[in-house]
Amino acid sequence: PHRLHLYQRLSRYWGSHVSVDILLLALNAFWLFPLAWAVSIWPEHQFILVILAYIPLLLSMAKMRVLT
């Protein structure tokens, strides 16, 4: 089961844990943190901002399903 996690699958596909770590750091720093900040500024738009936060996850799940 552990080998089926997206992190493990990406590290095998790219041949590097460091690449996956950098991707995850960038995703958090440049996508999720700004969205979290936006929710704190505009709480009335939290629903759409949370949906936006899920877009990279959904795209990566779809991409990894194609690769297997």
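A: Just after helix α1, Gly15 adopts a positive phi of about 75 degrees. The model is a predicted one, and this value is computed from it, as are those below.

Helix α1 itself spans residues 6-14, and its buried residues are Gln8, Leu10 and Ser11. These residues lie on the same side of α1, because they cover an arc of only 165 degrees around the axis.

His45 has a relative accessible area of 41%, so His45 is partly exposed, since buried would require under 20% and exposed over 50%. From His45 to Phe33 the separation is 12 residues in sequence and 16 Å in space, C-alpha to C-alpha.

The aromatic rings remain. A search of the whole structure finds 1 aromatic pair. The pair consists of Trp37 and Trp42, with 6.2 Å from centre to centre and 75 degrees between the planes. The arrangement of Trp37 and Trp42 is edge-to-face, because planes over 60 degrees apart count as such. Trp37 has a relative accessibility of 48% and therefore counts as partly exposed. Trp42, at 41% relative accessibility, also counts as partly exposed.

Note on methods. Residues are numbered from 1 along each chain as its sequence is written. This is a predicted model: local features need pLDDT of at least 70, side-chain atom pairs count only at pLDDT 80 or more; totals for chains, interfaces and linings use all residues. Side-chain values use heavy atoms; hydrogens and water are left out. Buried means under 20% relative accessible area, exposed over 50%, partly exposed in between (1.4 Å probe, protein chains only). Helices (H or I, at least four residues) and strands (E, at least two) are DSSP runs, numbered from the N terminus. The arc is that of the directions from the helix axis to the C-beta atoms. Rings of Phe, Tyr and Trp (its six-membered ring) pair if their centres lie within 6.5 Å; planes under 30 degrees apart count as stacked, over 60 as edge-to-face and the rest as tilted.
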